[in-house]
Amino acid sequence: MGKHGIWLIANWKMNGTKDLVREFCTALADTPSSVNIVLCPPFPLLGSAPKGRVALGAQNCHHKSEGAFTGEVSAKALKEIGCTHVIVGHSERREQAGETDALVLEKAQVAIAAGLTPIICVGEKEGQDVAKVLTSQLAGLKKLKAGSYLIAYEPVWAIGSGKTPGTAEISAAHRLIKTALGSGTPVLYGGSVKSNNLREILRISEVAGALIGGASLDSSGMREMVKIAEQGVKEFA
Ligand code: PGA
């Protein structure tokens, strides 16, 4: 299967400034549109992104569509300010905010109902059985309509560590996800992606793109990664 439009999702976590949002969008403004770029900065910075080449995503949303939830952000409000995507179930939220698979499913459902595409993160912790963890994390996601979401496979031990699984491991995890959720489900890889390993990762036929944390804060490195992804679109089309 050819790669039609590789996804590069920039997850800034709790980093970045208004100026960096503008710098990022300017640096990528003239890159080929065959690579889908989504910038996910912290909530207050979403409004600083100029409309255009770079799509906008949030890093989280609440699991209810609206209501008495002080300090929370709804998928509907994100849609209204121009977001197209929202990351749900990132391992940092699973770990730090106690998010469960059931809650992640609710967030994905509320996001889809609001017209957003959720980027649903799954992945095992160090030493865990990959197939077992993925099978249980994916079980509830079968309820979602095919084509309405993206999956990001992020082994927790690979996030921010500089370590990545081998290509055979990434390929096997992605195959397992596609077997569970349907072969058409776009599955991205995340965890210590940088310009010096992106090419090798995108060469794995099941990989539809990358969720990039730390390295996405560097606009020129990101530009380089878009170039690599663009070559990948041609190479694998
Ligand atoms: P990293 O983070 O690229 O800094 O490893 C990825 C992520 O947490 O989404």
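1. Is Lys-13 buried, partly exposed or exposed? Lys-13 counts as partly exposed, because its relative accessibility is 22% and the buried class ends under 20%. Please keep in mind that this is a predicted model. Lys-13 sits in the loop between strand S1 (7–11) and helix H1 (18–28). Its phi is positive, about 55°, although Lys-13 is not a glycine.

2. The largest pocket holds about 370 Å³ of space. It is lined by 13 residues, and those closest to its centre are Lys-13, Met-14, Gln-59, Asn-60 and Arg-93. So Lys-13 returns here: a partly exposed residue that is also among the residues closest to the pocket centre. Helix H3 (residues 91–96) gives the largest share of the lining, with 3 residues.

3. Now the overall fold. The sheet is a closed barrel of 8 strands, in the order S1-S2-S3-S4-S5-S6-S7-S8, with parallel pairing. On average, neighbouring strands of this sheet are turned by 25° against each other, direction ignored.

4. Look at S1 and S2. The two strands run parallel and are joined by 5 bridges. Ala-10 has Leu-39 of S2 as its bridge partner. S1 is largely enclosed by the rest of the structure, because 5 of its 5 residues are buried. Both of its faces are covered: Trp-7, Ile-9 and Asn-11 lie on one side, Leu-8 and Ala-10 on the other, and all are buried. Strand S2 (residues 36–40) is also largely enclosed, because 4 of its 5 residues are buried.

5. Strand S5 (residues 117–122) pairs with strand S6 (residues 150–153) in the parallel sense, over 4 bridges. Val-122 stands opposite Tyr-153 in S6. From S6, Leu-150 and Ala-152 point one way, Ile-151 and Tyr-153 the other way, and all are buried.

6. What does Ile-151 touch, leaving out residues up to four places away in sequence? The contacts are Ile-120, Val-122, Leu-141, Ile-177, Leu-181, Thr-185, Pro-186, Val-187 and Leu-188. Nonpolar side chains tend to be buried together in soluble globular proteins. Here the largest nonpolar core has 61 residues. Those with the most contacts inside it are Leu-8, Phe-24, Ile-120, Ile-151, Ile-177 and Met-222. Helix H8 (residues 219–236) supplies the largest share of this core, 6 residues. Another core, of 11 residues, lies apart from it; Ile-9, Val-38, Ile-87 and Leu-150 are among its members.

7. Helix H6 (residues 167–181) lies across S5, S6 and strand S7 (187–190), and runs at about 145° to S7. Ile-170 is in H6. Ile-170 counts as buried because its relative accessibility is 1%. Beyond residues up to four places away in sequence, Ile-170 touches Pro-165, Tyr-189, Ile-201, Ile-204 and Val-207.

8. Ser-192 lies in the loop between S7 and helix H7 (198–202). Its phi is positive, about 60°, although Ser-192 is not a glycine. Ser-192 counts as buried because its relative accessibility is 10%, whereas Lys-13 is partly exposed.

9. Last, Glu-66. Is Glu-66 buried or exposed? Glu-66 is exposed, because its relative accessible area is 57% and the exposed class starts over 50%. Its place is in the loop between strand S3 (55–58) and helix H2 (75–80). Ser-216 is 150 residues away along the chain, and its C-alpha atom is separated from that of Glu-66 by 31 Å. Ile-170 is 104 residues away in sequence and 37 Å away in space, C-alpha to C-alpha.

Definitions and conventions
Residues numbered from 1 in each chain as written. Predicted model: local features only at pLDDT ≥ 70, side-chain atom pairs only at ≥ 80, totals over all residues. Heavy atoms only, no water. Pairing = 2+ DSSP bridges. Axes fitted to C-alpha atoms, helices over the stretch in contact; angles between N-to-C directions. Contact = heavy atoms within 4.5 Å. Core = buried A, V, L, I, M, F, W, Y, C linked by side-chain atoms within 4.5 Å. Buried < 20%, exposed > 50% of the residue type's maximum accessible area, 1.4 Å probe, protein only. 1 Å grid on protein atoms, 1.4 Å probe; cavity = no way out; pocket = protein on both sides within 12 Å on 5 of 7 lines; lining within 4 Å. Points joined across faces, edges and corners; volume = space filled by probe spheres on them.
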